[in-house]
Amino acid sequence: MKPKLLDLFCGAGGAAMGYHRAGFEVVGVDINPQPHYPFEFHQADALTFPLDGYDAYHASPPCQAYSRAFSPLVGYRKEHPDLVAPTRDYLKATGKPFVLENVPGAPMLNYIKLNGTMFGLKTKKERWFELHGFEIWLMPAPLNTRGMIKSGKLVGIVGHSNYANEIIANKENLAAAYSIDWKMNRHELRQAIPPAYTEYIGKYLMDVVKC
Ligand SMILES: C[S@@+](CC[C@H](N)C(=O)[O-])C[C@H]1O[C@@H](n2cnc3c(N)ncnc32)[C@H](O)[C@@H]1O
């Protein structure tokens with residue numbers, strides 16, 4: 001039987017697919033309907049969803065409170081609740097290994113940084129990951145993103161091309177850059193983690209849940 005991972009704030013399943021590829025049975029929870037989520041799904045508030053019966057957890061609380069894509073001038077940050085600390089506390093109480101993911105600038109502790117160039121993807125999309133109950137010591141090397149943009153090999157971040165040669169972040173280009181081969185709309189793609197990140201983390205997580 002495969003170890004079971006609960007995927008909180010699951011969106012359309014970018015993170016989920018990586019854990020699936022690493023060998024987990026994945027169950028997702030999101031407060032909004034997620035018709036494109038490719039595994040068992042429950043519509044619920046992540047911070048009250050029962051946590052019993054899982055071997056490991058992943059959580060991607062909404063990032064609008066910290067995301068650099070939202071300018072402080074727009075006044076967006078203050079309107080969004082900070083769910084990182086409450087989610088960490090909720091998952092810590094399980095005593096099981098878990099991963100907490102967020103954008104650069106989020107109030108994360110002892111995190112590792114991953115970006116797409118470490119996995120041969122045509123995207124930078126840096127994300128930070130707190131690992132609880134296991135560690136990763138050996139990281140793939142990131143490529144020089146400036147060089148990748150110059151040579152026309154990187155997809156833009158915020159929906160348009162910021163630099164000459166950068167690939168425009170339309171739906172097709174984002175899906176290809178993230179290696180997402182199931183149905184997602186553009187909003188879901190922009191929120192999704194490329195599965196390669198959690199497939200990489202999931203292999204280390206698998207080692208501790210099998211013990
Ligand atoms: C950054 S997205 C997750 C992206 C996902 N990890 C992926 O890789 O595709 C955050 C998600 O949290 C959901 N969300 C926001 N507040 C929530 C809550 N209280 N409980 C559950 N889900 C929530 C949003 O609907 C959104 O889908």
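## A buried phenylalanine

Phenylalanine 9 is buried, with a relative accessible area of 16%. Buried means under 20% relative accessible area, exposed over 50%, and partly exposed in between, using a 1.4 Å probe and protein chains only. Phenylalanine 9 sits in the loop between β1 (4–8) and α1. Its phi is positive, about 60 degrees, although the residue is not a glycine.

This is a predicted model: local features need pLDDT of at least 70, side-chain atom pairs count only at pLDDT 80 or more, and totals for chains, interfaces and linings use all residues. Residues are numbered from 1 along each chain as its sequence is written, and side-chain values use heavy atoms, with hydrogens and water left out.

## Overall layout

The protein has six helices and seven strands. Here helices (H or I, at least four residues) and strands (E, at least two) are DSSP runs, numbered from the N terminus. Along the sequence, the pattern reads β-α-β-β-β-α-β-β-β-α-α-α-α.

The protein has 211 residues, and 49% of them are buried. Take the contacts between residues at least 6 apart in sequence: 57% of these join residues at least 24 apart. Contact means heavy atoms within 4.5 Å.

## Helix α6

Helix α6 covers residues 195–210. At 1.5 Å a residue, its 16 residues should span 22 Å; the end C-alpha atoms are 21 Å apart, which agrees. The expected span is 1.5 Å times one less than the number of residues.

α6 bends by about 25 degrees at lysine 203. The bend is the angle between axes fitted to the seven residues ending at a residue and the seven starting there. The buried residues of α6 are Pro195, Ala196, Tyr197, Thr198, Tyr200, Ile201, Gly202, Leu205, Met206 and Val209. An α-helix has 3.6 residues a turn, so residues three or four places apart point the same way.

## How α1 meets α6

Helix α1 spans residues 14–22, and its axis comes within 7 Å of the α6 axis. The two axes cross at roughly 45 degrees. Axes are lines fitted to C-alpha atoms, for helices over the stretch in contact, and angles run from 0 to 180 degrees between N-to-C directions. α1 and α6 are therefore oblique to each other. Angles under 35 degrees count as roughly parallel, over 145 as roughly antiparallel, 65 to 115 as roughly perpendicular, and the rest as oblique.

The crossing of α1 and α6 is right-handed. From α1, the contact uses Gly14, Ala15, Met17, Gly18, Tyr19, Arg21 and Ala22. From α6, it uses Pro195, Thr198, Glu199, Ile201, Gly202, Lys203, Leu205 and Met206. A crossing is right-handed if the near helix is turned clockwise from the far one by less than a right angle, and left-handed if anticlockwise.

## Histidine 58

Histidine 58 lies in strand β4 (residues 56–59). At 0% relative accessibility, histidine 58 counts as buried. Valine 99 is 41 residues away along the chain, yet the two C-alpha atoms are separated by 4.7 Å.

Leaving aside neighbours within four places in sequence, histidine 58 contacts Leu5, Leu6, Asp7, Leu8, Ala15, Tyr19, Val99, Glu101, Phe129, Ile193 and Thr198. Among these partners, Ala15 and Tyr19 of α1 and Thr198 of α6 also take part in the contact between the two helices.

## Two lysines in one loop

Lysine 122 lies in the loop between β6 and β7. Lysine 122 is partly exposed, with a relative accessible area of 45%. Its C-alpha atom is 9.5 Å from that of glycine 152, 30 residues apart along the chain. Not counting residues up to four places away in sequence, lysine 122 touches Lys153, Leu154, Val155, Ile167 and Ala177.

Lysine 125 is in the loop between β6 (111–114) and β7 (127–132). At 8% relative accessibility, lysine 125 counts as buried. Its phi is positive, about 30 degrees, although lysine 125 is not a glycine.

## Glutamine 191

Glutamine 191 belongs to helix α5 (residues 186–191). At 48% relative accessibility, glutamine 191 counts as partly exposed. Glutamine 191 and alanine 12 are 179 residues apart in sequence but 8.5 Å apart in space, C-alpha to C-alpha.
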